[in-house]
Amino acid sequence: MDDFYKNLKASSKFQNIFEGTTVTKVPDDWFVLITDIVGSTKAIEEGRYKDVNTAGGLTAIAVANVYGHMDFPFVFGGDGVTFLLPINLLFPIRSAIADTISQVKAAFGLEMRAGIVPVQELYRAGAELFLSKFKASNHYVQCSLFGTALPLAEQWIKEGKDESYLVRENEKILPADFTGFTCRWKDIPSERGEIVSLIVKPNHSDLEVCKKIVTRVLNFIRSEYGEEKDYHPLSLNQIELDNGDHLRKEAVAKTGKHSGIKYRLTLIQIWIERTVMALAMNWKLPIKSGHYSLDRLKEYQVMSADFRKYDGTLKMVIDGSKKHRLALESFLEQLEREGLIHFGLFVSNRSLMTCVLKVASSDEVHFVDGADGGFAMAAKSLKEKLKTS
């Protein structure tokens with residue numbers, strides 16, 4: 001059962017994950033599911049960064065709706081999501097992902113690649129896989145993943161090592177359920193000048209050495225940018241409800257259509273809900289929806305924001321000045337010269353947010369990425385460095 005993960009104790013602070021928190025080996029009868037958008041860089045260069053992020057959000061809610069809650073291991077990477085699956089949920093989740101592949105193609109014209117690799121096979125190949133938990137808020141517990149198994153699984157999926165690892169559209173048994181996916185916020189401007197999407201890959205294979213390297217990076221970010229609240233990419237003053245394009249994308253995502261009665265009815269419902277949200281926030285009306293007090297809606301977005309994570313690479317979205325970013329780049333370049341890391345970095349002037357809610361269980365997560373490509377473009381820079389190293 002999935003109680004293995006639910007029963008793990010969660011750390012109270014993100015940095016504690018790297019400073020003494022004991023990681024737990026993933027059971028060998030579990031599976032790694034990796035999804036990503038093929039050609040995401042090209043789509044982003046065409047201005048479709050929101051479509052790419054939306055596709056990632058859809059995979060997360062499709063899996064969450066099979067689980068029935070969100071206390072399961074996953075990491076959002078911008079153009080895809082990595083999940084760990086217990087054997088008892090393997091087939092319903094495989095079906096949900098198969099349908100999500102089809103829906104993403106129909107709604108956005110994007111090709112989603114997905115593969116499921118047995119952890120046992122990764123262990124047989126000599127790889128390791130560990131995890132830990134971090135309680136980001138009362139409504140969101142975040143997973144962190146360690147070891148060499150994920151890049152190996154990704155390599156096997158991309159190279160087609162075993163055709164049975166790939167998830168195909170025709171494996172759909174039941175439709176994927178996207179209930180709880182929302183996309184109702186404008187891009188969020190930086191308060192301090194720049195939004196940095198950062199990926200740092202420790203080069204050492206030893207787990208403890210990697211944790212020490214990440215701790216050095218986090219300590220520098222704290223010394224340069226300040227406390228977490230100082231560089232948090234979501235500001236209450238800057239979060240605003242969207243009034244058009246993002247709402248239409250949510251309707252497309254939920255229906256798989258760009259027109260028609262179902263699409264129009266869904267869009268009308270979204271607009272009504274958006275109007276109620278706006279009234280509650282603007283007039284401080286104590287309207288309840290699930291665990292939400294709608295007049296405090298912006299606060300929930302900040303509290304459960306997924307803007308820093310670890311899956312073998314440190315991924316962060318940071319709000320700061322150009323001066324801060326140049327200092328950070330200089331520090332990371334020095335670590336690169338020492339052979340300790342490789343890193344990719346992308347700069348925008350705003351961030352974007354895609355939300356996944358499990359209202360019945362009061363679980364939620366608000367995925368944050370840099371606009372105009374964010375993590376996907378930082379990953380492109382990192383891959384180019386790794387090719388020449």
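In this predicted model, the side chain of His342 makes a polar contact with the side chain of Asn203, at 3.1 Å; a polar contact is a pair of N or O atoms within 3.5 Å, where within protein one must be able to donate a hydrogen and the other to accept it, and residues adjacent in sequence count only if both atoms are side-chain atoms. Because the structure is a predicted model, local features need pLDDT of at least 70 and side-chain atom pairs count only at pLDDT 80 or more, while totals for chains, interfaces and linings use all residues. Residues are numbered from 1 along each chain as its sequence is written, and side-chain values use heavy atoms, with hydrogens and water left out.

His342 belongs to strand β17 (residues 341–348); helices (H or I, at least four residues) and strands (E, at least two) are DSSP runs, numbered from the N terminus. Is His342 buried or exposed? With a relative accessibility of 15%, His342 counts as buried, a word that means under 20% relative accessible area, whereas exposed means over 50% and partly exposed lies in between (1.4 Å probe, protein chains only). Leaving aside neighbours within four places in sequence, His342 is in contact with several residues, among them Ile199, Val200, Glu336, Leu382 and Ser389; contact means heavy atoms within 4.5 Å.

Helix α6 (residues 149–159) comes next. Its buried residues are Ala149, Leu150, Leu152, Ala153, Trp156 and Ile157. They sit on the same side of α6, because they cover an arc of only 165 degrees around the axis; the arc is that of the directions from the helix axis to the C-beta atoms. What do the buried residues of α6 pack against? Their partners are the strands β3 (31–38), β5 (80–85), β6 (111–118) and β8 (140–146), together with helix α5 (119–124). Just after α6, Gly160 takes a positive phi of about 65 degrees.

Lys284 is exposed, its relative accessible area being 58%. Ser362 has a phi near 60 degrees and is found in the loop between β18 (350–358) and β19 (363–370). Ser362 is partly exposed, at 24% relative accessible area. Not counting residues up to four places away in sequence, Ser362 touches His139 and His291. The C-alpha atoms of Ser362 and Pro73 are separated by 17 Å, although these residues are 289 residues apart along the chain.

Ile261, Leu265, Ile268, Ile272, Val276, Leu279, Trp283, Leu285 and Ile287 make a nonpolar patch of about 890 Å². Accessible areas come from the Shrake-Rupley method with a 1.4 Å probe, and for residues only the protein chains shown count as cover. Ile261 lies in helix α10 (residues 261–283) and, at 67% relative accessibility, counts as exposed.

Key
Patch = residues over 30% accessible without salt bridge, like charges linked within 9 Å, V, L, I, M, F, W, Y side chains within 5 Å. Salt bridge = Lys/Arg side-chain N within 4 Å of Asp/Glu carboxyl O.
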